[in-house]
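Notebook open, viewer up. I jot down what I look up as I go.

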Amino acid sequence: MPSTLLGRLALLLFVAVLVSHVLALTLMFELRPEPPPGHRMHEPHPHGPQPFPGFFMDVGVRLGALMLAAWIGARWLSQPIKQLAAAAREIGLDIHRPPMVENGTVECRAATRVFNQMQAQIRRQLDERDRFVAAVSHDLRTPLTRLALRAEGLADTVQRQQFRQDIVEMNDMITATLDYLRGAAAPEPFAPLDVASLLNSLADDRQGCGQDVRLTADSARPIEAQTSSLRRCVDNLVENAVRYGGQARIRLSDHPDRLCIEVRDEGPGIPAVELERVLEPFYRLEGSRNRSHGGVGLGLSIAQDIARRHRGTLELRNGEQAGLVVTLTLPRLVATSAL
């Protein structure tokens, strides 16, 4: 078997032509009409030229062989493209997925090798970015601590309180950034998870802190998920609902192909034009859901990132009466395997 795709296609076409020719010749001799008794080979037929009954079958055999060869060749051409497209989708979900196996023709192996090199380069760049941001965020804590000590020595009570508020906000932003980078850099493995039990535990913890959090859960089958990441995703949604709406109503519904977790609050909601933008990192509204309520604008962004790692979606919409409704949809899929 040739090692190049062009060589394989040429060999396939040669075999198809050869097989069709042999079949056509076989049909020609087997289906040739017999001359009448007493007719000599070199004499013309007494009834004139006779049509060859296998002519159309001959054409059909040749066309069928060429169509079969074209179909096989198209599969050879499309299969590597499909594999690369699937791998590109998987990288969008998990940059740390195993590299593709280099097999097939010379062209396929070369394309796979370049694709794996691209993935490795992206991972190195992301790792460098994470290390840089983590180092800067960590180093900021030292001058932030000095600022906090100096702020305590201010005689003006109002200024001292303002400094405290700014320092707490900066510290929260640094902590959220470090947590965000830590979760993106070291994703945990997928395992069967009882989501109803996880939500019950989360609601109990929130209620123990005096927050108005209630859960309505149907019986749900376990789903393949990253336990800590999914808990953090839902916890961020609940935290967002409690912070801006004063309460959180969680509803779990199970479907044959997906699991839905809905978190609803009774707050002011979000303008329709801002529903997509609030999912961006560090983006905060200038209206009622702004920095006066705390937060650094990473909660929903982290939740969406975790939903994507689970091949799920995070949908935001305003309630019919008031508040924000966030729906986390998780498809029933197993963890990604290497192609």
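Ground rules first. I am working on a predicted model, where local features need pLDDT of at least 70 and side-chain atom pairs count only at pLDDT 80 or more, while totals for chains, interfaces and linings use all residues. Residues are numbered from 1 along each chain as its sequence is written, and side-chain values use heavy atoms, with hydrogens and water left out.

Confidence. I looked up pLDDT (the predictor's confidence in each residue, from 0 to 100). The protein chain has a mean of 76, and 73% of its residues reach 70 or more. Residues 47-51 stay under 50, and I find two contacts (heavy atoms within 4.5 Å) beyond four places in sequence for them in the model. Residues 287-292 are also below 50, but that stretch has 13 contacts beyond near neighbours in sequence.

Cysteines. I checked for disulfides, meaning a pair of cysteine sulfur atoms within 2.5 Å, and the count is zero. For burial I use relative accessible area: buried is under 20%, exposed over 50%, partly exposed in between (1.4 Å probe, protein chains only). Cys-233 is buried because its relative accessibility is 0%. Cys-260, at 12%, is buried too.

Asp-235. I find this residue in helix α7, residues 227-245; helices (H or I, at least four residues) and strands (E, at least two) are DSSP runs, numbered from the N terminus. Its relative accessible area is 26%, so Asp-235 goes down as partly exposed. Which residues does Asp-235 contact, leaving aside neighbours within four places in sequence? I get Leu-202 and Arg-206. I also noted 9.1 Å between the C-alpha atoms of Asp-235 and Leu-199, which sit 36 residues apart along the chain.
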